[in-house]
Every structure is written in C-alpha cells, then in structure tokens.
Amino acid sequence: MLRVENLSHAFSNSTEIVPVLHQVSFQVKPGEMVALLGSSGSGKSTMLNLMAGLMKPTEGRIYIADQDIVKMSENKLAEFRRGHIGFVFQSYELIATMTVRENVELPLVFQSVRPSVRRKKALALLEEVGLPNKSELFPSQLSGGQQQRVSIARSLITEPSIIFADEPTGNLDTKTEEEIIGILQRLNKARNTTFVIVTHEAEVAEQMQSVITLRNGYLVTEQGDREGLPAGRGA
Ligand SMILES: Nc1ncnc2c1ncn2[C@@H]1O[C@H](COP(=O)(O)OP(=O)(O)OP(=O)(O)O)[C@@H](O)[C@H]1O
Ligand SMILES: [Mg+2]
C-alpha cells in the first residue's frame, strides 16, 4: 500500500540547512493500522506531510498504490491525492461558516459530485462516526471530540485507500482519545482503509498493528506483524 525508500529531508533557509529525516525506509500493508511514534521534533509531521504529498522530499521515494508520488507533477499529484489520500489534522481544520454536513461534503464538491449524492454520503458517514443528529449544526457548537469525528468523516468521503492522521487525539482528554481511536479502529476493520497515525503517546501506539518509531529523524524500530522483515527494510 505504502512504501517509503531511503527518504531524507532537510529544510533550508537563507543561513542554514536543517536535516530532519535521514534515509528512512519502511512499508505499510493494505488495511494495516500503523502508528508513527516519536518525541517532539523527531520528524513525525514532516514524515506525514511528505507521505501525503503535501511537500517534496530532498531525497528518496514514496510509493502509494505502486505509484511514486515524489516523481509526480503538481497537477498529477493533486489529482492523485483527491482520489487516494485522506488527511486528519490535530486541530480538525473544519470551516466555521459551514455546517457539519457541508464540511463533510466539501471534498466531493471539488469532484463535482451531485448535491443529493453528496448529502446522502455525508449523512451516512456522520452516522458511522456516531453523530447522527449534529449534521445541521456548526463546528463551534460541537465538542472537540465531536469536531474530530466530523473531520474523520470528511477524510473518508472520497473513499481514500490511505488516511494520514497527525496527532488526531492531541487536543483531547484521555476518555475522548479512546473513543476516537476506537472509531478509527472500527473504520479500519469495516472498510479496510489503511491508517498511518502520528502520536507521541506509547499507549496510543500500542493499540495499532505496528509501530514505526522515529528518533531525531532516524527510524529506530519497526515492530508488528511484519513476518520477520528486518527493521527498516521494505521488501
Ligand atoms: N518549515 C520548516 N522549516 C525549518 N525547519 C522545520 C520546518 N518544519 C519543521 N522543521 C524542523 O524539523 C524538525 C522536525 O519537525 P516536525 O514538525 O516534523 O516534528 P514532530 O515530530 O512532528 O514534532 P511534534 O511532536 O512537536 O509535532 C524540528 O526540528 C523542526 O524545527
Ligand atoms: Mg508534529
């Protein structure tokens, strides 16, 4: 599903070059739920943004569904992302002036899907994430956990094969965190969607099928049901 090969990244500004990721390689199987674990500044968000095609790496390859997204032109990549990739942000990133349902529908607006079809899909997804009665409210009328459910529904509406989530429970209390992780696990089972979830909490990572750990931009461990593959080596 996802294969990262010798990925390195450095940010450069006018005075210096800051290396952030060093020759990282791993792979994620279709339908797998993977945690990307590491302390603050270890390069997790950078890694996720690269894998989601939000920026280009200094070096390396990223294959999603057997296509190298590093090589793609900006136009091709934008189209590929709309069809294959979903993203969930720590701070939800909902549009305040749109209702919950309109927020969930939004990715389909960009795909010119008919309003009646969009609406039906959005309502079904809102039900699936446990918000059947909130569709006509605005994001500010919802709790943080409820807003994150909306953003999860939005990420699913294009039926992406992989969803990247950057600390999706980072702003939530422990009980709500457990609910959100439970929802993600249920969606993963029901739809076989692949999830890569950034966290700095070992308790969250433990609930995933495998864990990729970054330390100072280096891959330190790769655990899980990888059938004896050596750490950091993609087949
Ligand atoms: N646009 C940028 N320009 C320069 N340096 C950057 C940029 N973005 C990130 N960095 C640096 O890259 C390193 C890794 O940052 P990143 O955001 O990937 O860490 P993280 O693991 O997601 O941390 P956190 O848990 O705090 O979110 C940090 O040292 C950060 O300062
Ligand atoms: Mg981060």
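## Around ligand 1

A backbone N or O atom of Gly43 sits 3.1 Å from an oxygen atom of ligand 1, and a backbone N or O atom of Ser42 lies 3.3 Å from an oxygen atom of that ligand. Taken alone, ligand 1 exposes 640 Å², and the protein buries 57% of that; accessible areas come from the Shrake-Rupley method with a 1.4 Å probe, and for residues only the protein chains shown count as cover.

This is a predicted model, where local features need pLDDT of at least 70 and side-chain atom pairs count only at pLDDT 80 or more, while totals for chains, interfaces and linings use all residues. Residues are numbered from 1 along each chain as its sequence is written, chains are lettered from A and ligands numbered from 1 in the order in which they are written, and side-chain values use heavy atoms, with hydrogens and water left out.

## Who else is in the shell

The residues around ligand 1 are Phe11, Val20, Ser39, Ser40, Gly41, Ser42, Gly43, Lys44, Ser45, Thr46 and Glu167, each with a heavy atom within 4 Å of the ligand. By class, that makes two nonpolar, seven polar and two charged residues. Here Ala, Val, Leu, Ile, Met, Phe, Trp, Tyr, Cys and Pro count as nonpolar, Asp, Glu, Lys and Arg as charged, and the others, Gly among them, as polar.

Helix 1 (residues 44–51) gives the largest share of the shell, three residues. Helices (H or I, at least four residues) and strands (E, at least two) are DSSP runs, numbered from the N terminus.

## Salt bridges

Side chains of opposite charge can pair when their charged atoms come close. The count here comes to nine salt bridges, each a side-chain nitrogen of Lys or Arg within 4 Å of a carboxyl oxygen of Asp or Glu. One of them pairs Arg3 with Glu5, with the closest N and O atoms 3.0 Å apart. Arg3 is partly exposed at 23% relative accessibility, and Glu5 is partly exposed at 29%. (Buried means under 20% relative accessible area, exposed over 50%, and partly exposed in between, with a 1.4 Å probe and protein chains only.)

Glu105 and Arg101 pair up too, at 2.7 Å between the closest N and O atoms. Both lie in helix 3 (residues 100–109), four residues apart, about one turn of the helix. Glu105 is buried at 5%, and Arg101 is buried at 10%. Then there's Arg149 with Glu179, at 3.2 Å between the closest N and O atoms. This pair links distant parts of the chain, 30 residues apart: Arg149 in helix 5 (residues 144–156) and Glu179 in helix 6 (residues 174–191). Arg149 is buried at 15%, while Glu179 is partly exposed at 33%. Elsewhere, salt bridges that share partners join Arg101, Glu105, Arg118 and Glu136 into one network.

## The nonpolar core

The largest nonpolar core has 34 residues, and Val150 and Ile152 touch the most other members. A core is a set of buried Ala, Val, Leu, Ile, Met, Phe, Trp, Tyr and Cys residues joined through side-chain atoms within 4.5 Å. Helix 6 gives the most to this core, with five residues.

Conventions. A polar contact is a pair of N or O atoms within 3.5 Å; within protein, one must be able to donate a hydrogen and the other to accept it, and residues adjacent in sequence count only if both atoms are side-chain atoms.
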